[in-house]
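Here's a quick briefing to read with the model open beside you. Take it topic by topic and find each spot as you go.

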Amino acid sequence: GKRFVTNQRQLDNAIARFHGGGIVVLRPGRYAAVRIVATKRLTVRARPGVFVRDVLVRRSRGVRLQRLRVSSVVRVRSSSNVLLQGLRLRSGRVELHLGTNVRMVGMSFSRCGDGVACVLLGRSDRVRIERSRFDDCWGCDFIRGRIGAGLVVRDNVLGSAFDGHCWATTHN
């Protein structure tokens, strides 16, 4: 099924209803969080004008997140076959931990921040980062972490990197 949502409560209810598969479309507005836990075959797609603070995908399979604008963090934990497509993160980051087959395509990262990483890989395997753009990062690493088997970084733009302090921090 497919469900269109306009607020946080509708979003939470739609994700709970489609824990075995479906499509949730976010209509323009601000959402605190997209939380997908123990779910399979779920797509969350955003219309223009959608802003999300945090995203969590945990213990899930076959999740697709498309066209979200995220202001803080996207966390993928103990999940497989996850597609992050066309996400826009300004002052935000992606954290992977124990992920398998995670693909990031057409992402946009800007102003990740001093001493952090735009993408933090924590013991994840078969991660692909493709056709994404990393810009205006002050003293951060574009990609950092414990790289597992099968990492592919292809056709990305790593631009506007500036000198700054970079502290070895990890957030697993």
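How many residues line the largest pocket, and which lie nearest its centre? There are 13 lining residues, and F51, R69, V70, S71 and R90 lie nearest the centre. Before you dig in, note that this is a predicted model, where local features need pLDDT of at least 70, side-chain atom pairs count only at pLDDT 80 or more, and totals for chains, interfaces and linings use all residues. Residues are numbered from 1 along each chain as its sequence is written, and side-chain values use heavy atoms, with hydrogens and water left out.

**The whole chain**
- You'll find one helix and 19 strands here; helices (H or I, at least four residues) and strands (E, at least two) are DSSP runs, numbered from the N terminus.
- Of the 172 residues in the chain, 45% are buried; buried means under 20% relative accessible area, exposed means over 50%, and partly exposed is in between (1.4 Å probe, protein chains only).
- The chain exposes about 8,500 Å², with carbon and sulfur atoms supplying 46% of that area (Shrake-Rupley method, 1.4 Å probe; for residues, only the protein chains shown count as cover).

**The largest pocket**
- Its volume is about 190 Å³.
- A pocket is an open set of points on a 1 Å grid over the protein atoms alone, where a 1.4 Å probe fits, with protein on both sides within 12 Å along at least five of seven lines; lining residues have an atom within 4 Å of a point.
- Points are joined across faces, edges and corners, and the volume is the space filled by probe spheres set on them.
- The elements giving two or more residues to the lining of the largest pocket are β3 (29-37), β5 (50-58), β7, β9 (88-90) and β12 (108-110).
- That lining has five nonpolar, three polar and five charged residues; Ala, Val, Leu, Ile, Met, Phe, Trp, Tyr, Cys and Pro count as nonpolar, Asp, Glu, Lys and Arg as charged, and the others, Gly among them, as polar.

- β3 and β5 pair in the parallel sense over eight bridges; two strands pair if DSSP finds at least two bridges between them.
- Look for Y31, whose bridge partner in β5 is V52.
- β5 also pairs in the parallel sense with β7, over seven bridges, and V57 stands opposite V76 in β7.

**The loop between β6 and β7**
- R67 is in the loop between β6 (64-66) and β7 (69-77), and has a positive phi of about 65° although it is not a glycine.
- R67 counts as partly exposed because its relative accessibility is 48%.
- L68 lies in that loop too, but L68 is buried, at 0% relative accessible area.
- Leaving out residues up to four places away in sequence, L68 touches L26, A46, V52, V55, G86, L87 and R88 (contact means heavy atoms within 4.5 Å).

**Strand β13**
- In β13, 10 of the 14 residues are buried, so this strand is largely enclosed by the rest of the structure.
- R126 lies in β13 (residues 117-130) and has a positive phi of about 55° although it is not a glycine.
- At 44% relative accessibility, R126 is partly exposed.
- β13 pairs in the parallel sense with β16 (residues 141-147) over six bridges, and L120 has R144 as its bridge partner in β16.
- β11 (residues 100-105) pairs with β13 over five parallel bridges, and M104 has I129 as its partner in β13.
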